[in-house]
Amino acid sequence: MAVERLFKDEATEEKGERARMASFVGAMAIADLVKTTLGPKGMDKILQSTGRGHSVTVTNDGATILKSLHIDNPAAKVLIDISKVQDDEVGDGTTSVVVLAGELLREAEKLVGSKIHPMTIISGFRMAADCARKALLDRVKDNKDDAEKFRSDLMRIAKTTLSSKILSQDKEHFAKLAVDAVMRLKGSTNLESIQIIKKAGGSLKDSFLDEGFILDKKIGLGQPKRIENANILVANTAMDTDKVKIYGARVRVDSMAKVAQIEGAEKEKMREKVQKIIGHGINCFVNRQLIYNFPEELFADAGILAIEHADFDGIERLALVTGGEIASTFDNPESVKLGHCKLIEEIMIGEDKLIHFSGVEMGQACTIVLRGASFHVLDEAERSLHDALCVLSQTVNDSRVLLGGGWPEMVMAKAVDELARKTPGKKSHAIEAFSRALIAIPTTIADNAGLDSAELVAQLRAEHHKEDSNAGIDVITGAVGDMSVLGISEAFKVKQAVLLSATEAAEMILRVDEIITCAPRRREDRM
Amino acid sequence: MALAFDEYGRPFIILREQESKSRLRGIDAQKANISAGVAVSRILRTSLGPKGMDKMLQSPDGDITITNDGATILEQMDVDNQIGKLMVELSRSQDYEIGDGTTGVVVLAGALLEQAEKLLERGIHPIRVAEGFEISSKMAVDHLEKISHKFDFSATNIEPLVQTCMTTLSSKIVNRCKRSLAEIAVKGVMAVADLERKDVNLDLIKVEGKVGGKLEDTELVYGIIVDKDMSHPQMPKQIEDAKIAILTCPFEPPKPKTKHKVDIDTVEKFQTLRKQEQQYFDDMVQQCKDVGATLVICQWGFDDEANHLLMHRNLPAVRWVGGVELELIAIATGGRIVPRFQELTTEKLGKAGLVREKAFGTTKDRMLYIEHCANSKAVTVFIRGGNKMMIEETKRSIHDALCVARNLIRNNSIVYGGGAAEISCSIAVEAAADKYPGVEQYAIRAFADALDSVPMALAENSGLQPIETVSAVKAQQIKENNHCCGIDCNDTGTNDMREQNVFETLIGKQQQILLATQVVKMILKIDDVISPTEY
């Protein structure tokens with residue numbers, strides 16, 4: 001008798017070996033996809049969206065590439081998810097985490113092929129990951145107490161991160177930008193207070209960090225273009241028609257004259273409001289919402305600079321830099337904290353007019369103006385800078401630093417190899433495999449740079465056999481070099497996150513022995 | 001078949017539109033049902049035990065779930081078959097009742113169905129089989145009662161509870177840090193437990209997750225975590241000795257339920273209305289301030305003006321807090337939920353030692369911690385992990401562990417895990433079978449065989465020789481009269497579960513046997529399946 005059909009139409013079920021195969025293949029395909037972007041000589045990808053206009057993105061950032069992929073393979077989705085989390089959590093290493101997870105699964109596949117149970121592999125991987133983490137911890141450097149050295153550490157990290165991106169040409173310049181910006185945050189990880197403004201035109205080198213604050217807005221007509229010693233009121237209030245908020249209120253009139261009267265009252269109300277605002281003794285007023293012509297005119301008459309429609313983030317940042325509070329009522333002028341700055345002026349960047357606040361009280365926020373030849377370049381530059389800023393802000397909190405250029409992987413691989421030799425039983429195969437997967441990262445870096453990876457990695461291994469070696473791959477000369485001399489550093493937090501989430505993801509995929517896919521939800525035909 | 005003729009030879013119709021329906025009858029129907037049930041249980045079989053594998057499920061919307069939890073697998077499996085749905089129900093009811101053992105119950109039901117099929121082939125009437133199963137399930141449950149142990153724990157000695165929770169967690173992906181998670185679960189349950197009434201309200205334990213960090217960072221917070229931030233960016237991020245006003249009314253002008261209109265027809269009216277509006281906002285904030293609140297938590301939104309007034313008067317506020325969370329906050333802080341500003345009094349305020357906002361990662365994510373509450377009867381388990389699926393799976397695992405701890409507080413009897421209890425029951429039932437006159441004897445013996453299938457699956461998943469191992473353990477149990485022998489899944493070298501500290505709750509096991517038997521009985525009683533054919 002035929003086996004009863006258990007699932008709904010179109011639902012599929014993959015079992016045992018086939019399920020494992022499907023997830024291995026999916027995961028490795030994803031890893032191979034982003035593999036070529038790894039390292040300083042990694043290549044970029046063009047992504048074309050299916051949305052309107054088929055907008056194009058050119059990027060090197062793993063998380064961005066993976067985010068825009070439409071994937072049906074469940075295991076691949078796990079990898080995309082870890083890359084996304086890596087992006088949110090530490091900001092960098094989004095490619096490495098996927099490549100490492102992919103390599104782990106590639107090794108695991110071989111082991112499964114030679115009849116080792118996935119559970120054994122998992123426990124081997126766990127031991128190896130633990131051991132690798134300890135090995136890294138042993139070799140970290142922490143220069144938190146020495147401000148000078150710490151800054152140079154930050155510079156090195158920024159340069160290392162940027163070197164794989166489009167900004168690598170001017171990495172010195174951008175690394176300095178990023179470090180300056182992050183140092184201003186004074187330990188906060190809130191990157192919102194660093195504003196990035198993109199303006200096409202000029203070259204990447206013309207990008208600069210502005211200590212003050214730049215608002216991408218125009219100054220209202222007939223208002224002063226330059227204010228010294230400004231008192232700023234930052235507000236979030238309706239300056240169009242001030243609606244009556246009591247529910248159900250409506251105007252019902254029976255003659256034209258009354259309409260005019262009410263209109264007059266409305267105007268009067270607005271005038272009063274403006275008067276109150278002016279009563280704060282300000283000469284600059286920034287509002288999140290729209291300002292209608294009438295109040296704008298009133299402000300202009302009073303010689304006050306009124307800026308409308310600054311968005312939420314802009315307002316928050318402005319309040320942060322100028323030290324004012326965001327106000328919505330204006331009845332107690334004496335207790336509202338006003339923001340101050342030395343100079344407000346309209347400046348031109350390229351062809352656009354912007355408002356520049358300089359000499360602000362609190363130095364926390366700052367603005368980075370990016371210039372570049374095209375929007376694609378600017379977008380990519382922003383992403384790269386974002387990565388660098390993320391890593392730096394995390395490093396400020398957790399100041400442990402490692403060398404880069406494949407050095408951490410080799411250190412880990414060495415420790416894991418030793419563990420494998422000591423471990424009895426089948427697990428040692430898995431541990432060995434783990435170390436091979438780790439070595440795959442320097443191999444990929446070398447491959448992407450067009451170097452003889454087999455030769456280089458073998459040399460590197462030999463170098464690392466000595467105690468306390470600082471050897472890594474120097475992609476520029478194409479040889480093994482001393483990383484501490486070359487000044488290539490990475491943040492410990494990033495490496496640790498890569499190691500742990502890659503192992504976790506590989507473990508998760510390995511544990512699966514069955515995939516059940518439900519029938520896709522039917523879309524209503526709109527024809 | 002469904003066509004009958006009356007005394008004059010004219011056909012009359014019993015089933016409407018019978019040609020468009022497929023129909024299975026008699027032994028065919030039973031066999032089809034059994035094979036469907038067995039197919040479901042076979043999917044879960046590999047998930048059993050500490051070395052069980054996970055399943056990856058893709059939902060209709062393309063979301064991925066990776067899990068080891070029987071109830072979750074079945075729920076998301078999109079089963080179409082009617083009998084399959086019964087099995088799903090079975091696992092779900094185990095989940096609701098006990099919270100753990102959702103895989104085991106389905107595996108047991110599957111094994112019973114397999115055995116029943118053999119008996120049906122021999123020509124034993126299904127009802128007799130069902131009755132035999134019923135008798136033996138009673139025997140097994142009684143036997144479990146006999147071999148169960150009571151163990152003692154108190155608020156200070158939670159070690160036994162932790163051990164039991166660890167048994168549950170060891171089959172999940174989180175077994176890497178099962179010890180710390182088990183401790184979190186037990187401490188959480190003990191914090192909210194009512195030891196006198198022997199009851200635990202699991203609603204008081206909130207399980208909150210956030211991607212990022214590592215599993216080891218998971219913590220138990222004696223307080224509440226709300227995924228919200230302060231309504232105004234410049235409000236203080238930390239409040240000590242907070243007095244919390246918990247409101248369910250919005251900081252907005254009132255909206256009477258009855259339909260009404262306020263007509264403005266003169267300038268004076270317009271102005272008075274305006275004044276009133278301003279007065280209203282002022283009053284609201286003043287009322288909160290008057291009773292001495294230092295933090296306002298509100299279920300609804302604020303108007304911009306109200307928001308600024310709050311900020312201005314130095315009264316931090318949180319908006320859009322969900323109803324469930326609001327209740328938890330009220331319980332934890334000992335406050336009352338206040339529906340109207342007029343009813344706000346000092347006594348109704350909740351108290352918390354520390355309220356702080358904590359930021360995560362590089363994005364803007366912030367969460368609000370409410371700690372050192374007046375009444376620590378509400379706790380939050382805060383889970384961190386590498387990716388979303390991990391967090392979801394950890395949530396489910398923690399839920400299981402919480403349920404186990406709760407069951408132990410309700411009834412502190414335990415039986416030994418690792419298949420020991422099943423083998424012991426199987427021996428007892430087998431021995432009783434011979435004394436039973438009648439056809440049921442066969443069914444009882446079959447039941448004993450079915451019980452063996454749980455340890456068999458455990459051994460199989462752990463990579464041991466299933467038949468060899470189970471028979472060896474069985475022989476050992478009879479020889480030494482020791483009901484603690486089970487399958488050594490973790491390869492520790494001993495199969496005495498007492499030494500390995502592998503426990504399960506008595507009620508959990510009993511419930512498994514009873515539920516599985518009930519469902520099998522129901523399936524066996526069906527002899528006619530009428531279903532509409534595909535269009």
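A residue is called buried when its relative accessible area is under 20%, and exposed when that area is over 50%. The exercises below apply to a predicted model.

**Exercise 1.** Work out which residues of α6(A) are buried, and what covers them.

*Solution.* Begin with the helix itself: α6 of chain A runs over residues 147-163, and at 1.5 Å a residue its 17 residues should span 24 Å, which agrees with end C-alpha atoms that are 24 Å apart. Next, apply the cut-off along the helix, where the buried residues include Phe150(A), Leu154(A), Ile157(A) and Leu162(A), and also Asp153(A) and Thr160(A).

**Exercise 2.** Describe how α1(A) and α3(A) cross, and which residues make the contact.

*Solution.* The axes of α1 (residues 16-35) and α3 (residues 74-89) of chain A come within 7 Å and cross at roughly 40°. On the α1(A) side the contact is made by Ser23(A), Gly26(A), Ala27(A) and Ile30(A), and on the α3(A) side by Ala75(A), Ala76(A) and Leu79(A). Sorted by class, these are five nonpolar, two polar and no charged residues.

**Exercise 3.** Decide whether Asn314(B) is buried or exposed.

*Solution.* Asn314(B) lies in the loop between α9 (304-312) and β13 (317-318) of chain B. Its relative accessible area is 54%, so Asn314(B) is exposed.

Note on methods:
Residues are numbered from 1 along each chain as its sequence is written. Chains are lettered from A and ligands numbered from 1 in the order in which they are written. This is a predicted model: local features need pLDDT of at least 70, side-chain atom pairs count only at pLDDT 80 or more; totals for chains, interfaces and linings use all residues. Side-chain values use heavy atoms; hydrogens and water are left out. Helices (H or I, at least four residues) and strands (E, at least two) are DSSP runs, numbered from the N terminus. The expected span of a helix is 1.5 Å times one less than its number of residues. Buried means under 20% relative accessible area, exposed over 50%, partly exposed in between (1.4 Å probe, protein chains only). Contact means heavy atoms within 4.5 Å. Axes are lines fitted to C-alpha atoms, for helices over the stretch in contact, and angles run from 0 to 180 degrees between N-to-C directions. Ala, Val, Leu, Ile, Met, Phe, Trp, Tyr, Cys and Pro count as nonpolar, Asp, Glu, Lys and Arg as charged, and the others, Gly among them, as polar.
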